Amino acid sequence: MRMVDVIAKKRDGGKLTTEEINFFIKGYTAGDVPDYQASSLAMAIYFQDMDDQERADLTMAMVESGDQIDLSDIDGIKVDKHSTGGVGDTTTLVLAPLVAALDIPVAKMSGRGLGHTGGTIDKLEAVEGFHVEISDEEFVRLVNEDKIAVIGQTGNLTPADKKLYALRDVTGTVNSIPLIASSIMSKKIAAGSDAIVLDVKKGAGAFMKTDEDAEQLAHAMVKIGNNVGRRTMAIISDMSQPLGYAIGNALEVKEAIETLKGEGPEDLNELVLTLGSQMVVLGGGAETLDEARGKLQEVIDNGKALEKFRTFLENQGGNGDVVDDVSLLPQAAYEIEVPAKQSGVVSRMVADEIGIASMLLGAGRATKEDTIDLAVGLMLRKKVGDKAEEGESLVTIYSNREDVEDVKEKIYANIEIAEQAEAPKLIHTIITE
Ligand code: URA
Ligand code: CA
C-alpha cells in the first residue's frame with residue numbers, strides 16, 4: 001500500500017477502507033508516514049468528509065495507537081462524561097459524587113486547565129490535601145468501595161491523536177467534523193469507560209460557535225461511540241456566557257458544594273440533572289431519563305450526594321470538612337466589586353473573554369508551565385437577562401493583588417447592558433440515538 005494512493009483516493013471523494021485507515025495511522029504514529037502526507041490527507045478529509053464507517057475506523061485506529069485503560073476490575077457499567085470545554089464549568093465536581101451516590105461507578109480521568117477553560121484536577125486541589133497521585137490499584141479499589149475516584153492522565157493514550165491534532169493545528173485542518181469527532185472519541189474510548197455522556201458546548205466560550213456545527217459534532221460523536229460498542233448520548237448546552245456564578249478554583253468548589261446541597265445556581269443545577277440523568281440511564285440505574293432525574297433529586301434532598309463528596313475528598317487525602325465549612329478553602333486577600341455603569345438588563349457576557357479575565361488574576365494558565373492561584377477568580381452577580389441598576393455590582397473580583405484595573409477593563413469590555421434581553425436557552429438539544 002502506498003500513502004500517496006490513499007491521499008489521492010480521498011482527494012477524489014473515495015471511501016477509505018479499514019486497512020487504508022490503519023495503514024495511515026500506524027505509519028504516522030511510527031514516523032513512517034511524514035507530516036506532509038498526513039497533512040495532505042487531513043486536508044482531503046476536510047473537503048471530502050468521511051462516512052460513518054470511516055469515522056469509526058479512524059477513531060479505533062487512534063485508540064489502538066497507544067495504551068488503553070483497563071477498567072474491567074471495576075464492577076458495574078462505567079459511565080464517563082466529557083465536556084468540550086467551557087468557562088466556569090463546575091459540572092464534573094457536582095456530577096461525579098451525585099451519580100456515585102446512586103451506586104453508579106465513576107472512574108474519572110481528568111486534566112488540568114489551559115487558557116480560558118479550567119480543569120477538574122486544579123479545582124479539586126483547592127481542597128487542602130486532595131491529590132490525584134494514586135496507584136491504579138488504589139483507583140480501582142476506591143471505585144469498587146465508594147463508587148468514585150479521580151486520577152490524572154496516565155499512560156501513553158492515543159499518541160496518533162496527539163501528533164495529528166498538533167499537525168492539524170498548524171495546517172488549517174482543525175475544523176473538520178470527522179477529525180474533531182474521532183479525536184475526542186478516541187481519547188474517551190482509550191480511557192476505558194463502557195458508556196459516554198457528551199456535553200457539547202455552543203457559543204463564545206466554546207469550540208463550536210453555531211447551532212448547526214454543534215449539532216453536527218454531537219451527532220457525529222454519538223454515532224461513533226455507538227458504532228464501536230460504547231453506548232453514547234449527548235446534549236448541546238449554552239456556553240455563550242459562563243456557567244453558574246463562580247469562575248476560579250476554590251470559588252467553583254464552593255459552588256459545587258452549594259449545588260450538591262440543592263442551593264446552587266439554576267443553570268448549573270439544570271445542566272447537572274440533565275447530564276446526570278443520561279449517566280444514570282446508561283449506567284443501568286433507571287429505565288428513563290425522568291426516573292433518573294427523580295433519583296438524582298432524591299440524593300440531593302436527603303444529603304447523600306454531599307456525603308459522597310466528603311467521602312471522595314477524604315479518600316484522596318482531602319479535608320472533607322470543607323463540605324460543612326467552605327471558609328476552609330483558600331481565600332483571596334481582596335474582594336473588589338465591578339459596578340454597573342448604567343441601568344438596564346444584562347444582554348451579553350462573553351464567556352471566553354470573562355474566562356481570560358479570571359486567568360489574568362492567576363486562576364488559570366496561559367501556558368502549561370504556569371502555576372495557578374487557587375483562591376482567586378470571579379463571582380458573577382448578574383447573568384444575561386438579569387436587571388442591573390447603575391452602581392449595582394455585576395461581578396466581584398477575588399484577587400491577591402490590589403490593583404485589578406486590567407481585569408476590570410476586560411470585564412467591562414465583555415459585559416453589555418441593554419434595555420431588554422432574555423436569558424439564553426441552556427439546553428439546546430438532547431441526542432440519545
Ligand atoms: N478537541 C480535541 O480533542 N480534538 C479536536 O480535534 C478538537 C478539539
Ligand atoms: Ca461555575
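Which residue stands opposite Ile148 in S3?

A: Happy to walk you through it; please keep in mind that this is a predicted model. The residue opposite Ile148 in S3 is Val106. The two strands involved are S2, residues 106-110, and S3, and they pair in the parallel sense over 5 bridges.

S11 is another covered strand. Running from residue 393 to 399, S11 has 7 of its 7 residues buried. S7 (334-339) pairs with S11 in the antiparallel sense over 6 bridges, and S9 (377-380) also runs antiparallel to S11, joined by 4 bridges. Thr396 in S11 is the bridge partner of Glu337, and Thr396 is also the bridge partner of Met379.

A further set of strands makes an open sheet, with 3 strands in the order S10-S8-S12 and antiparallel pairing. Its edge strands are S10 (387-388) and S12 (415-418), each pairing on one side only. S8, residues 344-349, is joined to S10 by 2 antiparallel bridges, and Gly344 has Ala388 of S10 as its bridge partner.

In H5, 10 of the 10 residues are buried, so the helix is largely enclosed by the rest of the structure. Among those buried residues are Thr91, Leu95 and Val99.

The calcium ion (ligand 2) is coordinated at 2.4 to 2.7 Å by Gly88 (O), Thr90 (OG1), Leu243 (O), Ala246 (O) and Glu255 (OE). Along the chain these donors follow the spacing G-x1-T-x152-L-x2-A-x8-E. Gly88 sits in the loop between S1 (79-83) and H5 (91-100), while Leu243 sits in the loop between S5 (231-238) and S6 (246-247), so this pair ties together parts that are 155 residues apart in sequence. With a cut-off of under 20% for burial, Gly88 counts as buried because its relative accessibility is 5%. Leu243, at 2%, counts as buried too.

Finally, there is ligand 1. Its surroundings consist of Tyr165, Arg168, Ile180, Ser183, Ile184, Lys187 and Phe207, which divide into 4 nonpolar, 1 polar and 2 charged residues. Several polar atoms approach the ligand. A nitrogen atom of ligand 1 is 2.6 Å from an N or O atom in the side chain of Ser183. For Tyr165, the corresponding distance from a ligand nitrogen to a side-chain N or O atom is 3.3 Å. A polar side-chain atom of Arg168 lies 2.9 Å from an oxygen atom of ligand 1. Taken alone, ligand 1 exposes 240 Å², and the protein buries 87% of that. The elements giving two or more residues to this shell are H8 (159-169) and H9 (177-190), and H9 provides the largest share, 4 residues.

Note on methods. Residues are numbered from 1 along each chain as its sequence is written. Chains are lettered from A and ligands numbered from 1 in the order in which they are written. This is a predicted model: local features need pLDDT of at least 70, side-chain atom pairs count only at pLDDT 80 or more; totals for chains, interfaces and linings use all residues. Side-chain values use heavy atoms; hydrogens and water are left out. A residue is near a molecule or strand if one of its heavy atoms lies within 4 Å of it. A polar contact is a pair of N or O atoms within 3.5 Å; within protein, one must be able to donate a hydrogen and the other to accept it, and residues adjacent in sequence count only if both atoms are side-chain atoms. Accessible areas come from the Shrake-Rupley method with a 1.4 Å probe; for residues, only the protein chains shown count as cover. Ala, Val, Leu, Ile, Met, Phe, Trp, Tyr, Cys and Pro count as nonpolar, Asp, Glu, Lys and Arg as charged, and the others, Gly among them, as polar. Donors are N, O and S atoms within 2.8 Å of the metal (3.2 Å for Na, K and Ca); water is not among the atoms, so sites may look incomplete. Buried means under 20% relative accessible area, exposed over 50%, partly exposed in between (1.4 Å probe, protein chains only). Two strands pair if DSSP finds at least two bridges between them.
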